[in-house]
Amino acid sequence: MEDDYYYDDEGYDEYYSNGGDEAADVDPLEVKYIDGKSYMQNNVEESLRCLREVVDEDTAHGRWTFKALKMLSRAARMAKRYEEMTQYYAQVVHFSHPDVAAAAIAKAMLKFSEESKWVPAQWRQQTLQITLEVAMPNTEQYRHVLVPTLLQRAALLLEENKSKEALDDLHVAMQHCTQLDAAVAQLNATSVYQIRALQLVAYRKLRRYADLRSTYNAIGQVQAALPPLRMMGGVMESAGHLFLHDGDWGAAHRAFASALRSYTECGDAQQYAVVKYVVLATMMADLPVDIFSQDDALADHPYVRPVRALWKAFAACDVPAFFNVLADPENVACFARDEEFAPYVEAAVYQLRMNFLISYTRGFATVLLSDLCRRLRMDEQPCKELCASAILHGLLEGGIDDGRKLLVLRSAAKTGQARLGNAETLRDFSILANEMCCPRIRY
């Protein structure tokens with residue numbers, strides 16, 4: 001049962017005679033209001049009827065009308081009559097009567113907003129807009145309502161991929177935070193942290209990495225109370241994407257792993273989305289870490305199964321299996337259509353092929369380029385460029401005999417695997433490697 005934030009029912013028993021069923025001296029409007037509230041959980045239609053009668057019969061249109069309208073907006077929401085809910089809520093926020101102070105309206109706004117988080121986005125947008133229409137021109141009276149409302153609307157806009165509009169709301173929210181007095185310093189710091197966290201998401205989606213970096217640095221300076229785990233997860237997830245862009249695979253792995261822990265601890269479904277990036281960073285950093293080894297529930301989730309299959313293929317240096325996972329029509333939404341994951345597929349494939357090349361050629365003196373092309377699923381020229389890149393980085397010692405179509409190895413490769421830079425750097429390797437593929441290498 002929902003807590004009644006709007007009205008305190010304590011003391012109602014005194015209106016009834018001891019042990020009797022008859023009400024003592026009670027205002028009929030109050031009786032109908034109590035009945036309307038009592039029916040809300042079990043008979044919402046009867047609740048609506050009683051509360052409407054309170055509104056109709058309150059000739060003063062004062063506090064009982066105000067209380068009834070608040071309960072009507074709640075009952076309509078519970079009945080999933082969202083249009084009625086919005087209409088009743090609009091009457092609440094625009095209510096004007098000497099018996100009802102602005103503080104009571106502000107309290108009702110905050111409670112309604114808190115209770116309406118799972119209302120469909122269309123109606124939630126409308127109610128947030130109604131709140132802002134009243135709060136924005138009266139910032140002094142509604143300053144504690146304004147910032148939370150802007151934050152909620154910004155979060156909703158981000159879910160709808162309207163990042164620029166979300167940033168506009170966050171900018172206004174930040175301006176109002178700077179105007180709050182020292183008496184609410186801790187609350188203000190918490191709001192600033194929330195604003196920064198949402199800005200990170202917006203900049204990430206817009207791929208504004210310079211702003212993402214400066215905001216990530218700024219959020220570390222906010223002296224806020226311990227933020228919710230979901231918010232901490234969001235901050236570290238955005239940081240992970242920043243480090244991916246920078247080609248700092250180890251830092252990206254640490255950030256995504258931290259985000260995964262936060263999401264898992266608070267039971268947020270985002271854990272199933274971020275695990276893909278934990279695996280990506282693990283592959284790129286070439287870390288001996290299997291995140292699925294101790295969490296069968298995570299590995300068996302339908303969204304995670306393609307990611308686990310991709311990781312198993314990578315760990316086994318199984319190039320054909322890796323490509324099969326990526327090409328599976330059932331996995332397209334997970335990989336190819338993910339705008340944040342797709343740019344790194346090329347780099348992951350490069351790392352996989354490099355790992356296979358080093359592992360496969362170990363102990364051989366010569367290897368046919370045609371054999372490597374078949375196993376790596378590459379044409380001859382890209383295969384030669386890959387081999388040349390390994391030689392250039394000291395991972396293989398030898399050269400390419402272009403006449404005999406051989407990779408000729410002089411000694412075993414150095415210990416360790418390739419450590420790659422960002423995606424642009426990887427593409428530049430092909431130019432350097434091409435220069436090393438001379439017609440014939442002499443020893």
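Contact is taken here to mean heavy atoms within 4.5 Å. Helices (H or I, at least four residues) and strands (E, at least two) are DSSP runs, numbered from the N terminus. The structure is a predicted model, in which local features need pLDDT of at least 70 and side-chain atom pairs count only at pLDDT 80 or more, while totals for chains, interfaces and linings use all residues. Residues are numbered from 1 along each chain as its sequence is written, and side-chain values use heavy atoms, with hydrogens and water left out.

The protein contains 20 helices and three strands. Of its 443 residues, 48% count as buried, where buried means under 20% relative accessible area, exposed over 50%, and partly exposed in between (1.4 Å probe, protein chains only). Among contacts with a separation of 6 or more, 63% are between residues 24 or more positions apart.

Two packed helices are described by the angle between their axes and the distance between the axes. Axes are lines fitted to C-alpha atoms, for helices over the stretch in contact, and angles run from 0 to 180 degrees between N-to-C directions. Helix α5 (residues 102-115) packs against helix α6 (residues 121-135) at an angle of about 165 degrees, the axes being 11 Å apart. This makes α5 roughly antiparallel to α6; angles under 35 degrees count as roughly parallel, over 145 as roughly antiparallel, 65 to 115 as roughly perpendicular and the rest as oblique. The crossing of α5 and α6 is left-handed, a crossing being left-handed if the near helix is turned anticlockwise from the far one by less than a right angle, and right-handed if clockwise. On the α5 side, M109, F112 and S113 meet R124, T127, L128, T131 and V134 of α6. The residues of this contact comprise four nonpolar, three polar and one charged. In this classification Ala, Val, Leu, Ile, Met, Phe, Trp, Tyr, Cys and Pro count as nonpolar, Asp, Glu, Lys and Arg as charged, and the others, Gly among them, as polar.

For helix α17 (residues 345-361) and helix α18 (residues 369-376), the packing angle is about 135 degrees and the axes are 11 Å apart. Accordingly, α17 is oblique to α18. The crossing of α17 and α18 is right-handed. R353, F356, L357, Y360 and T361 in α17 meet D371, L372, R375 and L376 in α18, and the residues of this contact divide into five nonpolar, one polar and three charged.

Helix α13 (residues 271-285) has 15 residues and spans 21 Å from its first C-alpha to its last, close to the expected 21 Å at 1.5 Å a residue; the expected span is 1.5 Å times one less than the number of residues. Of the 15 residues of α13, 13 are buried, so the helix is largely enclosed by the rest of the structure. D286, which follows α13, has a positive phi near 55 degrees.

L170 lies in helix α8 (residues 163-177) and counts as buried, at 0% relative accessibility. Not counting residues up to four places away in sequence, L170 touches L151, A154, I195, L198 and Q199. L170 and Q199 are 29 residues apart in sequence, with a C-alpha to C-alpha distance of 7.2 Å.

Positive phi values also occur in loops. H61, which is not a glycine, has a phi of about 50 degrees and is located in the loop between α2 (44-57) and α3 (63-78). H61 is partly exposed, at a relative accessible area of 46%. K80, in the loop between α3 and α4 (82-93), has a positive phi near 60 degrees and counts as exposed at 61% relative accessibility.
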